[in-house]
Amino acid sequence: MSRQSVRPDVPPLAEVRRITQKKRDAWWTVMLVDPLATPLVRLTARYTRITPNQITWGAFVLGLASSVCFAFGDWRWLVLGAVIYHFSFVLDCMDGKVARLTGTGSVFGAWLDFVFDRIRVMVCGVALMGGQYARTHDETYIWLAVAVVFLDTLRYINSLEIFKIRHTMRKQIKARVRAARRAENAAELAFMEDLLRDNPEADVEQDLERAKAEGTPSAEVAAFEADSAVGARRKAQVIDLHQEFRGKFPAYLRARSFLLRHRIRTHLVSGIEFQMGVFIVGPLFDAVVPVTIVSGALLLVFELAIVYKLLLSTRDFSRTLDSFEQRKVTTAA
């Protein structure tokens, strides 16, 4: 290999991890994908000119190859299909990492990655269940094929809609704070959820108890000094849209902090774990039906938990807006 094809500006592996790995990710990715994907990302960026979109295409082709293996139905083909699917997912994780490392990401690349992911799941789901139906003539596999495609679609639609609702709530609150700042020279704004994500080692419960002891109002909008463990800016307004959820489930905060210290998100069974259960664990152990059912059930449980959390968050949102109105009335009086 010529020296001209080697990029000397690619940083060491530790720095590549810092740049490319997300602060929080699925436990399957953190434990079983990143240890392989991150070194491959560095080698790819240093010794090749492969683009993120080309990696996306490679992941898609491998996904189609795994579907061909699944379609044969025999257990040995299922094992091969599961192994190929895992490497397909490794490549699927690499495209975004290479984009972040080299600065070559694009909006079209993000769209391509999303669309190919959905097609891969649909094709592999139909091929896996179709192969098992051809082998056993059990109609259960037909319903499982429909369930796999439906649940994967539901997961991403739900995720998108929840993101839009949260974005709308934040936008409205920021607009109220800007108006209050112009009128009262109010403090800066921060969201508790962001502070906890950026500071997983923070002891928020201790901070809240200390604030209460010092007479700080226990409202949705609280003021924290700069030395607060949650890392808020000096006298920043911290708006917690998950206050009611934390109040109902106090152990959640400790579990969340523990998982975030290991880069694992609390959504333990998301679309990623669902796919890995259906297309890797089930075929490897020749237990497609039970693993698919369990994976689907767990996915639904966690999706319902997110919806419930969103419901409580909207209540906190309403109370926060009401608090702004009350302050406006008080100030006017």
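## Close-up views of a predicted model

View 1. The model shown here is a predicted one. Phenylalanine 87 sits in helix 4. Phe87 also belongs to a nonpolar surface patch, described next.

**View 2. A nonpolar patch built from eight named residues.** Leu36, Leu40, Leu43, Tyr47, Val83, Phe87, Leu284 and Phe285 make this patch. The patch covers about 680 Å² of surface. Which helix gives the most to the nonpolar patch? Helix 2 does, with four residues. Helix 2 and helix 4 each supply at least two residues.

**View 3. Aspartate 34 paired with lysine 97.** These two side chains meet in a salt bridge, with N to O at 3.0 Å. Aspartate 34 lies in helix 2 (residues 27-47) and lysine 97 in helix 4 (residues 75-102), so the pair ties together parts that are 63 residues apart in sequence. Are aspartate 34 and lysine 97 buried or exposed? Both are buried.

**View 4. Aspartate 92 paired with arginine 120.** Here the side chains of aspartate 92 and arginine 120 form a salt bridge, at 3.3 Å from N to O. Aspartate 92 belongs to helix 4 and arginine 120 to helix 5 (residues 107-136), so the bridge ties together parts that are 28 residues apart in sequence. Aspartate 92 is buried, because its relative accessible area is 10% and buried means under 20%. Arginine 120 counts as buried too, at 2% relative accessibility.

**View 5. Aspartate 240 paired with arginine 246.** Aspartate 240 and arginine 246 form a salt bridge. Their closest N and O atoms are 3.2 Å apart. Both aspartate 240 and arginine 246 are buried.

View 6. Side chains of opposite charge can pair when their charged atoms come close. How many salt bridges does the count come to? The count comes to 13 salt bridges.

**View 7. A positive patch on the surface.** Lys174, Arg178, Arg181 and Arg182 gather here in a patch of positive charge. Lysine 174 is found in helix 6 (residues 140-184). At 34% relative accessibility, lysine 174 is partly exposed.

How values were computed:
Residues numbered from 1 in each chain as written. Predicted model: local features only at pLDDT ≥ 70, side-chain atom pairs only at ≥ 80, totals over all residues. Heavy atoms only, no water. Salt bridge = Lys/Arg side-chain N within 4 Å of Asp/Glu carboxyl O. Buried < 20%, exposed > 50% of the residue type's maximum accessible area, 1.4 Å probe, protein only. Patch = residues over 30% accessible without salt bridge, like charges linked within 9 Å, V, L, I, M, F, W, Y side chains within 5 Å. Areas by Shrake-Rupley, 256 points an atom, 1.4 Å probe, with all protein chains shown as cover. Lys, Arg positive; Asp, Glu negative; His and termini not counted. Charge placed at Lys NZ, Arg CZ, Asp CG, Glu CD.
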